[in-house]
Amino acid sequence: MMMVMQPEGLGAREGPFAGSGGGGEYMEQEEDWDRDLLLDPAWEKQQRKTFTAWCNSHLRKAGTQIENIEDDFRNGLKLMLLLEVISGERLPRPDKGKMRFHKIANVNKALDFIASKGVKLVSIGAEEIVDGNLKMTLGMIWTIILRFAIQDISVEETSAKEGLLLWCQRKTAPYRNVNVQNFHTSWKDGLALCALIHRHRPDLIDYAKLRKDDPIGNLNTAFEVAEKYLDIPKMLDAEDIVNTPKPDEKAIMTYVSCFYHAFAGAEQAETAANRICKVLAVNQENEKLMEEYEKLASELLEWIRRTIPWLENRVGEPSMSAMQRKLEDFRDYRRLHKPPRVQEKCQLEINFNTLQTKLRLSHRPAFMPSEGKLVSDIANAWRGLEQVEKGYEDWLLSEIRRLQRLQHLAEKFRQKASLHEAWTRGKEEMLSQRDYDSASLQEVRALLRRHEAFESDLAAHQDRVEHIAALAQELNELDYHEAASVNSRCQAICDQWDNLGTLTQKRRDALERMEKLLETIDQLQLEFARRAAPFNNWLDGAVEDLQDVWLVHSVEETQVRKLVPSRDQTLQEELARQQVNERLRRQFAAQANAIGPWIQAKVEEVGRLAAGLAGSLEEQMAGLRQQEQNIINYKTNIDRLEGDHQLLQESLVFDNKHTVYSMEHIRVGWEQLLTSIARTINEVENQVLTRDAKGLSQEQLNEFRASFNHFDRGEVEFARIMTMVDPNAAGVVTFQAFIDFMTRETAETDTAEQVVASFKILAGDKNYITPEELRRELPAEQAEYCIRRMVPYKGSGAPAGALDYVAFSSALYGESDL
């Protein structure tokens with residue numbers, strides 16, 4: 001009798017093989033089965049053994065088995081029991097009688113249950129089963145196997161036989177000498193079965209040692225390992241398979257389906273573990289970026305915190321050389337220490353934007369840095385740094401100018417003091433002489449005339465002493481570091497000056513008294529004088545002539561003549577120095593006047609690029625990278641200008657009428673240019689991330705760019721939109737955030753619910769998971785990551801150490817806080 005199955009629409013069912021499906025191929029399959037069976041008795045033998053073992057693999061769960069497939073199902077009792085075991089459902093109560101009609105009734109109950117699962121049995125009745133018709137019995141068992149073990153197999157939109165074949169092909173694809181194309185000849189050498197086992201349990205078989213020319217050994221290895229370790233009974237004989245030109249397809253399918261179901265749990269757990277690992281990898285990468293941001297932000301803020309007090313310190317150094325060292329330190333700071341920090345600040349902003357893009361694309365909550373480490377906090381700290389930095393340089397230059405003036409005043413004080421001290425040298429001794437005691441009247445009068453000349457000279461030196469005192473006073477007012485020695489020297493000069501005045505007056509008084517005394521004596525000698533008039537006249541004239549020579553200021557006049565050539569040389573040296581300074585000014589200006597406009601033009605060009613990027617993202621990136629390289633190559637011009645600037649500072653030149661660009665202007669512009677190009681490149685990189693994650697075309701990106709450039713900030717819903725595109729309230733909407741807002745429903749990403757479902761699989765359907773289960777199912781790093789972050793499970797009935805994977809999964813997506 002021919003058996004025909006016509007499946008109808010199958011509804012959902014309960015039990016371990018529950019599912020839905022259909023299969024118009026059943027008619028053709030069963031016709032082929034029946035016809036081929038009539039032609040090849042070897043297939044009947046293979047099916048008897050395979051189907052018997054398959055039935056027993058389920059019946060043993062109920063504590064029973066069959067020995068002879070055509071006899072042991074005749075009363076319908078074990079047939080009904082088999083269906084209950086494999087379906088997980090209860091069938092109607094069987095008839096207890098042993099009469100033929102009782103048996104037929106029980107078999108009909110089984111056939112009705114099969115029909116209720118959507119399989120329409122044609123040309124098969126309970127009588128054939130009760131009568132022990134082997135062919136019909138095997139056909140019925142195959143129907144059960146096909147419906148409950150094979151039909152619900154689904155792999156990539158293919159089901160039943162095709163799904164099982166595709167699963168086998170996928171699993172055995174990497175193995176040498178295995179090419180699964182069917183369920184008969186592809187399995188004859190045993191390698192395909194061994195490959196299936198090795199793919200899932202590489203610890204059970206050493207595939208590298210298997211030989212294609214040992215099919216019986218390979219098959220028996222697979223049978224023994226499957227029975228011992230996988231709880232799959234031996235359903236086939238190696239010799240029958242090898243010696244049959246075309247092994248029975250249904251026997252092979254039945255046996256292979258047992259491998260699918262044996263590994264289905266592992267497959268499901270593997271899929272769940274892979275999903276969890278993928279989600280955790282995203283979170284771990286994001287957390288690494290967060291940690292790097294926090295670390296970099298902390299280091300940058302700490303550097304700013306340390307640097308600001310140094311720049312705020314306005315305590316000057318006492319000497320020009322010490323202040324020049326301060327200037328050199330500041331120059332090193334601007335040229336060597338600050339530029340890397342500028343790059344760090346720029347990189348920090350880039351990392352922050354990239355991280356926020358990745359978080360948006362993976363549906364994670366926006367990153368909120370710890371308190372005080374927002375991008376805006378760093379920007380504020382940086383502005384504070386640059387404010388005190390500018391004030392510091394101004395102070396340095398004013399201090400150097402002050403010291404330069406002090407140095408000039410101190411040198412002038414020393415020169416004038418030295419000249420004065422040289423002039424006064426011996427004057428006190430001279431004024432203290434009593435050379436008039438033995439002098440004649442004429443000699444006393446000559447001494448008086450000389451003294452009058454000295455008094456005139458002394459009066460002339462009064463201005464010099466006052467100038468010296470004024471210089472000392474100015475040095476004190478400018479906080480000259482050697483003011484004490486200046487004051488001491490000035491005081492000595494003033495004291496000496498007062499003493500000279502006193503001695504001068506005393507000497508005049510003494511000379512005048514002596515003159516009067518000698519005049520009295522002269523009166524007494526007048527008589528004698530008249531008598532010796534010619535001689536005395538000649539003698540007095542000669543004495544006067546000789547004494548007149550001492551009244552000439554010959555020493556001072558000689559010193560002046562000597563100073564003229566020295567002064568001329570000093571003026572020549574100063575002229576040469578000023579000429580060098582002018583040449584340095586012009587040299588710096590020539591470069592600065594070229595570099596300044598170049599930087600400004602580049603900044604504007606990069607700004608235009610950022611606002612109106614055109615072409616594909618790859619083309620934009622290539623153009624920006626070329627721009628970046630051009631900018632980097634220009635750095636040698638900046639370095640050369642820094643060298644000229646240093647020469648100017650070392651020459652104490654702080655003004656330059658030939659250019660409006662200072663070195664500080666150039667530095668700030670250069671830093672702005674580097675930051676601008678880096679930010680623009682990062683924007684395109686984030687657009688690539690967004691494009692790839694969202695699956696956007698270039699045309700869509702162009703449309704979004706046009707919409708973004710004309711974003712209407714006056715709309716009523718603007719505030720609501722801003723909360724989505726600017727979650728950190730930075731006041732800036734990036735193009736990446738705008739794209740994410742426009743396409744927020746298009747990306748397919750994992751959800752908290754999917755992760756919960758995956759953990760539930762690994763946990764064996766429990767509402768909690770143990771550390772041991774995590775370590776068994778996940779790679780070590782991911783397992784420890786979960787264990788560290790999962791909170792204890794607070795539900796009832798959980799063992800000690802149980803963890804709450806639901807709260808953990810929700811927290812991954814920002815739906816709760818751990």
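Which hand does the crossing of H5 and H7 have, left or right? I will come back to that after some background on the model.

What we have here is a predicted model, in which local features need pLDDT of at least 70 and side-chain atom pairs count only at pLDDT 80 or more, while totals for chains, interfaces and linings use all residues. Residues are numbered from 1 along each chain as its sequence is written, and side-chain values use heavy atoms, with hydrogens and water left out.

To begin with the whole protein, there are 31 helices and four strands, where helices (H or I, at least four residues) and strands (E, at least two) are DSSP runs numbered from the N terminus. Of the 818 residues, 44% are buried; buried means under 20% relative accessible area, exposed means over 50%, and partly exposed lies in between, with a 1.4 Å probe and protein chains only. Among contacts with a separation of 6 or more, 75% join residues 24 or more positions apart, a contact being heavy atoms within 4.5 Å.

Now to the helix pair from my opening question. Helix H5, residues 100–116, packs with H7 at an angle of about 35°, and their axes are 11 Å apart; the axes are lines fitted to C-alpha atoms, for helices over the stretch in contact, and angles run from 0 to 180 degrees between N-to-C directions. The crossing is left-handed, the term for a near helix turned anticlockwise from the far one by less than a right angle, whereas clockwise would be right-handed. From H5, Leu-111, Phe-113 and Ile-114 meet Met-140, Thr-143, Ile-144 and Phe-148 of H7. By class, this contact has six nonpolar residues, one polar and no charged ones; Ala, Val, Leu, Ile, Met, Phe, Trp, Tyr, Cys and Pro count as nonpolar, Asp, Glu, Lys and Arg as charged, and the others, Gly among them, as polar.

Next, the cores. A nonpolar core is a set of buried Ala, Val, Leu, Ile, Met, Phe, Trp, Tyr and Cys residues joined through side-chain atoms within 4.5 Å. In the largest one, of 80 residues, Trp-54, Ile-141, Ile-144, Trp-187 and Phe-259 touch the most other members. Helix H7, residues 134–150, gives the most to this core, with twelve residues. If we leave aside neighbours within four places in sequence, the contacts of Trp-54 include Leu-82, Ile-86, Ile-144 and Met-235. Apart from this core lies another, of 53 residues, among them Met-320, Leu-327, Ala-381 and Ile-468.

Let me turn to Lys-345, which sits in helix H13, residues 320–361. Is Lys-345 buried or exposed? Lys-345 counts as buried, because its relative accessible area is 14%. Its side chain makes a polar contact with the side chain of Glu-349, at 3.1 Å; such a contact is a pair of N or O atoms within 3.5 Å, and within protein one must be able to donate a hydrogen and the other to accept it, with residues adjacent in sequence counting only if both atoms are side-chain atoms. Beyond four places in sequence, Lys-345 touches Leu-300, Ala-379, Trp-382 and Arg-679.

Finally, two loop residues. Most residues other than glycine have a negative phi. Asp-231, however, has a positive phi near 60°, and is found in the loop between helix H10 and helix H11; Asp-231 counts as exposed, because its relative accessibility is 52%. His-363 also has a positive phi, of about 60°, and lies in the loop between H13 and helix H14, where His-363 is partly exposed at 35%.
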